[in-house]
Amino acid sequence: MKTTKKELIIIVTIAIIALSGFLIFRSVFKTPSKNPAIVQHWYANSTGFNVTEDLVLIDFDKKKVTILNKQSGVPSEYGSYPQINLENNTVTVLGEYVEPKSKKRQELVVEYDFINRTVEIIEETSPKGICSNMGKQVKFPLICLPNQMKVIFDIAKDDGIDYEQ
């Protein structure tokens, strides 16, 4: 059976449409980040908020969560932080925000998703709950000023995005 010119054009057109569809699908649903997330706590000192303590490493490639440092400055009545819950995929740290009624420091809970490579602050106490309203992130930091916590991504320097101001 001989292929006509018209049939050849149809085959090539279908191949181009299929390839274009595949490339668009891949760009929309590609894995957002191959870099780990790091939960950090920072402290105020005489020059501002710049003393940082790395607490937890969330490694999306290895599907592993590692405590890098115990959170310092936590009074003994609060117990030990950070706390990792592998069943719920959460990391809990003790924030600096003091709830006015109870006069106690409040916990901040970060949820991670290995499949989608996202992190989200899902539970915290701060004025107006601004920290837990930031949604899921795949590259940009989650910053909770009242609790002096942030979740940053260890981003490759060659991605063309300036993350530092």
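Student: What is the mean pLDDT of the chain?
Tutor: This is a predicted model, and its residues are numbered from 1 along each chain as the sequence is written. Local features need pLDDT of at least 70, side-chain atom pairs count only at pLDDT 80 or more, totals for chains, interfaces and linings use all residues, and side-chain values use heavy atoms, leaving out hydrogens and water. pLDDT is the predictor's confidence in each residue, from 0 to 100. In this chain 82% of residues reach 70 or more, and the mean is 82.

Student: Which element has the highest mean pLDDT?
Tutor: The lowest mean among the elements, 79, belongs to strand β1 (residues 37–45). At the other end, with 95, is strand β4 (residues 83–85).

Student: Over which residues does pLDDT stay under 50?
Tutor: Contact means heavy atoms within 4.5 Å. The model has 6 contacts beyond four places in sequence for this stretch, and pLDDT stays under 50 over residues 157–165.

Student: Is T118 buried or exposed?
Tutor: T118 sits in β7. Beyond four places in sequence, its contacts include F60, D113 and V138. Buried means under 20% relative accessible area, exposed over 50%, and partly exposed in between, with a 1.4 Å probe and protein chains only. At 9%, T118 is buried.

Student: Which residues have the most contacts inside the largest nonpolar core?
Tutor: A nonpolar core is a set of buried Ala, Val, Leu, Ile, Met, Phe, Trp, Tyr and Cys residues joined through side-chain atoms within 4.5 Å. The largest one has 21 residues. Elements giving two or more residues to this core include β2 (48–59), β7 and β9. The residues with the most contacts inside it are I58 and V119.

Student: Which residue in β9 is the bridge partner of C144?
Tutor: Strands β8 (residues 142–144) and β9 (residues 149–153) run antiparallel, joined by 3 bridges. V151 and F153 are among the residues on the covered face of β9, while K150 and I152 form the uncovered one. The partner of C144 is M149.

Student: What is the relative accessible area of Q148?
Tutor: Q148 lies in the loop between β8 and β9. It is not a glycine, yet its phi is positive, about 55°. Q148 counts as buried, since its relative accessible area is 14%.

Student: Is K63 buried or exposed?
Tutor: K63 lies in the loop between β2 and β3. Its phi is positive too, near 50°. With a relative accessible area of 52%, K63 is exposed.

Student: Is the peptide bond from Y81 to P82 cis or trans?
Tutor: P82 lies in the loop between β3 (64–67) and β4. Omega is near 0°, and the bond from Y81 to P82 is cis.

Terms used:
Helix = DSSP H or I, 4+ residues; strand = E, 2+ residues; numbered from the N terminus. Pairing = 2+ DSSP bridges.
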